[in-house]
Amino acid sequence: MKKLMKGILVTMLLNSPSQAEMMSAKTMKEVKAKVEEVLKTQQPQDVLVAFDIDMTLTQPDDPAVYYPALKKYTAIYKKILEELTPEQKDLALTLTTQVVPQKLVEKETPKIIKFLQQTGVKTMVLTSSLAGTINGFPDKMIILRRNQLQKMGIDFAKSFKDFSIVITFFDFKPYAGGHPMFYHGVLSTNGEGEASKGKTLIAFLQHIGVRYENKVQKPGYHPKVVFLIDDKAKHLKDVEAALKSFDPSIKFIGIEYEGTCEYAPQKISQEEFQKFWEDLARRSIFNFEN
């Protein structure tokens with residue numbers, strides 16, 4: 001009997017679907033193909049595809065921020081940022097999205113996202129950039145980030161318009177003068193403080209799921225499959241762990257995007273690289289002192 005039960009258990013484990021899958025992709029066409037593969041067995045409305053922004057959808061068009069330069073001068077980069085507080089560091093990184101011209105990583109990305117949206121899957125942004133107001137800028141960072149994407153032909157506003165358009169997550173402690181936010185399809189952790197991408201995504205799913213149902217007495221949104229396309233593996237692992245704890249039945253597919261790893265059309269000297277990041281560091285320090 002024990003051998004029979006052991007055999008049944010082994011068979012169940014072998015046949016049960018894995019609830020997490022990790023892979024890498026160099027192009028958005030590969031991402032599209034993976035989503036299409038999942039849609040062969042899942043209803044579109046049950047699939048949520050979240051995209052990181054920086055170095056995934058867009059990237060700063062300056063050689064000091066290209067990945068090859070960051071790798072080449074990594075000691076300088078780390079030394080400058082290590083001298084900043086966590087909030088100042090997040091501000092310096094967020095400033096690269098505002099003081100430097102932005103460009104699409106791939107020209108085809110807007111078309112691919114529109115295609116996914118037309119299939120009926122839910123799409124959104126999940127970013128670690130700061131969400132609140134920064135001195136010298138006309139609006140909150142999350143609004144400016146959404147506007148940047150719109151100008152490049154990318155819009156995530158429609159997926160969750162029936163549930164929530166704007167959400168501020170006050171359950172998290174204030175950080176860098178703000179809180180995690182959702183704004184017209186853009187979900188921001190507001191930096192890398194207390195609110196990781198995993199925690200922020202769960203807060204969002206709770207808001208449009210159970211909390212929505214309790215508030216309006218209508219069905220909320222409960223995805224069966226969640227994608228995250230991100231250039232940093234640590235965020236994929238964080239979201240995987242958070243979803244597993246939140247609802248083990250949700251299948252997570254993490255795609256580490258490598259499209260910007262080798263992009264470096266312009267070279268930059270060590271002196272120029274150092275000056276760029278020192279200037280951002282000084283600006284971030286000044287912002288918190290005033």
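Colleague: Where does Q102 sit?

Modeller: In this predicted model, Q102 belongs to strand β4, which covers residues 102-104.

Colleague: And is Q102 buried or exposed?

Modeller: Q102 counts as buried, because its relative accessibility is 16% and the cut-off for buried is under 20%.

Colleague: What does the side chain of Q102 reach?

Modeller: The side chain of Q102 reaches the backbone oxygen of T96 at 3.0 Å, and it also reaches the backbone oxygen of T97 at 3.5 Å.

Colleague: Which residues does Q102 touch, not counting those up to four places away in sequence?

Modeller: With those left out, Q102 touches D54, T58, Q59, P60, T96, T97, Q148 and M152. Of these, Q148 is one of the buried residues of α7.

Colleague: Let's stay with α7, then. How many of its residues are buried?

Modeller: Eight of the eleven residues of α7 are buried, and the helix is mostly covered. The buried ones are M141, I142, I143, L144, R145, R146, Q148 and L149, a list that includes both R145 and R146.

Colleague: What do the buried residues of α7 pack against?

Modeller: They pack against the strands β3 (58-60), β4, β5, β7 and β8 (186-188), and against helix α5 (86-95). As for what comes after the helix, α7 is followed by G153, whose phi is positive, near 90°.

Colleague: Now helix α6. Which of its residues are buried?

Modeller: In α6, which spans residues 109-119, the buried residues are T109, P110, I112, I113 and L116. Seen down the axis of α6, these buried residues fall within an arc of 165°, so they line one face of the helix.

Colleague: Why would residues three or four places apart point the same way?

Modeller: An α-helix has 3.6 residues a turn, so residues at that spacing point the same way.

Colleague: Which residues are exposed on the other side of α6?

Modeller: On that side, K111 and Q118 are exposed. The buried residues of α6, for their part, pack against α2 (28-38), β2 (47-51), β4 and β5 (122-127). The residue that follows α6 is G120, and its phi is positive, near 110°.

Colleague: What about E108, where is that?

Modeller: E108 lies in the loop between β4 and α6, and at 38% relative accessibility it counts as partly exposed.

Colleague: Which residues do ring pairs link into a cluster?

Modeller: The cluster linked by ring pairs consists of F160, F163, F182, F204, Y212 and Y221.

Colleague: One more residue: where is T260, and what is it in contact with?

Modeller: T260 is in the loop between β10 (251-257) and α11 (270-289), and it counts as buried at 1% relative accessibility. Leaving aside neighbours within four places in sequence, T260 is in contact with M55, Q59, Y67, P68 and V105. Q59 is also among the residues that Q102 touches.

Colleague: Stepping back, how many helices and strands does the chain have?

Modeller: The chain has eleven helices and ten strands. Its radius of gyration is 20 Å, close to the 19 Å that the globule rule gives for 290 residues, so the chain is as compact as a globular protein of that length. Buried residues make up 49% of the 290 residues, and among contacts with a separation of 6 or more, 77% are between residues 24 or more positions apart.

Terms used
Residues numbered from 1 in each chain as written. Predicted model: local features only at pLDDT ≥ 70, side-chain atom pairs only at ≥ 80, totals over all residues. Heavy atoms only, no water. Helix = DSSP H or I, 4+ residues; strand = E, 2+ residues; numbered from the N terminus. Buried < 20%, exposed > 50% of the residue type's maximum accessible area, 1.4 Å probe, protein only. Polar contact = N/O pair within 3.5 Å; in protein donor to acceptor, adjacent residues only side chain to side chain. Contact = heavy atoms within 4.5 Å. Arc of directions from axis to C-beta. Rg over C-alpha atoms; globule rule 2.2 N^0.38 Å. Phe/Tyr/Trp six-rings, centres within 6.5 Å; stacked < 30°, edge-to-face > 60°.
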